[in-house]
Amino acid sequence: MSAPHWIQPHPQGIYVAPADCWVDPSAAVERALVTHGHADHARGGHGETLATPETLAIMDLRYNTRAGAVPVAYGETLRLAGGVDATYLPAGHVLGSAQILLEHAGERVVITGDYKRRPDPTCAPFELAPCDIFITEATFGLPVFTHPPIGEEIAKLLGTLAANPEACVLVGAYALGKAQRVIAELRAAGHHDPIYLHGAMERMCRLYEELGVPLGELRLVADHTKDEMRGAIIVCPPSALNDRWSRRLPDPITAMASGWMRVRQRARQRNVELPLVISDHADWHELTQTVLEVNPRETWITHGREEALLRWHELHQRKARALALVGYEDEDD
Ligand SMILES: [Zn+2]
Ligand SMILES: [Zn+2]
């Protein structure tokens, strides 16, 4: 019987035994290494939180976690207890998101957190790191999930807006990451009109701007009349799409930006008239391509839907296992 591996998956997170610390634990621990600010990865209440400065700022905004915050820059290597080195590398998922490379006794383990390979004007691009064990997310780990180029989805949104100058387009988007990416992509596509925000989006958008991501002119819905918002794009949390709040808007056409919009049923459930397939996660092709490029000895899979990816590994004579971590559900699809 061989000794237990030094990286130990538990239902509540990934335990790094020699350093006595956890990666993205779902409960409060003494020392946590956090990949990014989404709620399924970042929790408050840890003794010490090691994360990028952007992730720490996001966590502080959401959970008041300034105490015990230890900033780690991309590319910087920290020596942890027990001879473990930790290096944070960009994951391309949301602002501040990192993959964590752990090195111990000559072995390299990469924990991706959530990631994508597509360009995103709001965050640093994914950096490929060869390793022995690759712990990958698989939120969209089915061949049916192929995300279209974001330019196509943004063009659909702008086309709908232009065709309905008396109405407005209400876009449901997660408050951390998706909302800012959609706004930044609209700006890149030449849309410079004011964009209106639901109150729940304001602080995160302001924080992105403070951290160097310009979003153009943003206005709060609450400060404006129905008529002022005709012909405008309005961004709100997905939960507000069908809520009484939207009655104050001029004939809203409901849209939603999510990788799940590929599934018609999901769009119908939310009464989404204009589904926009925009995801901050790797799609099937990106997941499998990344495994081939990283070329690990073993792949460990998190975030559900692991069956197809396990089968793909089998077909490619690659070793893989699914980790049953609890609470990794996408705040952020
Ligand atoms: Zn995430
Ligand atoms: Zn996640």
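1. Thr77 has Thr87, in strand E8, as its bridge partner. Strand E7, which covers residues 77-80, and strand E8, which covers residues 84-90, are joined by four bridges and run in the antiparallel sense. Strands (E, at least two residues) and helices (H or I, at least four residues) are DSSP runs numbered from the N terminus, and two strands pair if DSSP finds at least two bridges between them. This is a predicted model, in which local features need pLDDT of at least 70 and side-chain atom pairs count only at pLDDT 80 or more, while totals for chains, interfaces and linings use all residues. Residues are numbered from 1 along each chain as its sequence is written, chains are lettered from A and ligands numbered from 1 in the order in which they are written, and side-chain values use heavy atoms, leaving out hydrogens and water.

2. Strand E7 belongs to an open sheet of seven strands with mixed pairing, whose order is E7-E8-E9-E10-E11-E18-E19. E7 and strand E19 (319-322) are the edge strands, each of which pairs on one side only. From one strand to the next the twist averages 20°, where axes are lines fitted to C-alpha atoms (for helices, over the stretch in contact) and angles run from 0 to 180 degrees between N-to-C directions.

3. Two helices lie across this sheet. Helix H6 lies across E11 and E18 and runs at about 165° to E11, whereas helix H7 lies across E11, E18 and E19 and runs at about 165° to E19. Which elements do the buried residues of H6 pack against? They pack against E11, strand E18 (298-302) and helix H7 (307-315), contact being taken as heavy atoms within 4.5 Å. In H6, which spans residues 284-294, the buried residues are Trp284, Glu286, Leu287, Thr288, Thr290, Val291 and Val294; buried means under 20% relative accessible area, exposed over 50%, and partly exposed in between, with a 1.4 Å probe and protein chains only. An α-helix has 3.6 residues a turn, so residues three or four places apart point the same way.

4. Thr139 sits in the loop between strand E11 (133-137) and helix H2 (150-163). Thr139 counts as buried because its relative accessible area is 0%. Its side chain makes polar contacts with the side chain of Glu137, at 2.6 Å, and with the side chain of His281, at 3.4 Å. A polar contact is a pair of N or O atoms within 3.5 Å; within protein, one must be able to donate a hydrogen and the other to accept it, and residues adjacent in sequence count only if both atoms are side-chain atoms.

5. Strand E1 (residues 7-10) and strand E2 (residues 13-16) run antiparallel and are joined by four bridges, with Gln8 opposite Tyr15 in E2 and a hairpin of two residues linking E1 to E2. Strand E4 (residues 31-33), by contrast, runs parallel to strand E5 (residues 48-51), with three bridges between them, and Leu33 stands opposite Leu50 in E5. E5 also runs parallel to strand E6 (residues 69-71), again through three bridges, and here Ala51 stands opposite Pro71. E5, helix H1 (residues 53-63) and E6 form a right-handed β-α-β unit, right-handed meaning that, with the strands pointing away from the viewer, the path from the first strand over the helix to the second runs clockwise.

6. How many disulfides are there? The count comes to zero, a disulfide being a pair of cysteine sulfur atoms within 2.5 Å. For Cys131 the nearest cysteine sulfur, that of Cys21, is 17 Å away, and Cys131 counts as buried because its relative accessibility is 8%. The sulfur of Cys168 is too far for a bond, because the closest cysteine sulfur, in Cys236, is 9.7 Å away; Cys168 is also buried, with a relative accessible area of 1%.

7. Most residues other than glycine have a negative phi. Asp20, however, has a positive phi near 50°; Asp20 lies in the loop between E2 and strand E3 (21-23) and is partly exposed, at 47% relative accessible area. Gln317, in the loop between H7 and E19, has a positive phi of about 50° although it is not a glycine, and Gln317 is exposed, with a relative accessible area of 74%.
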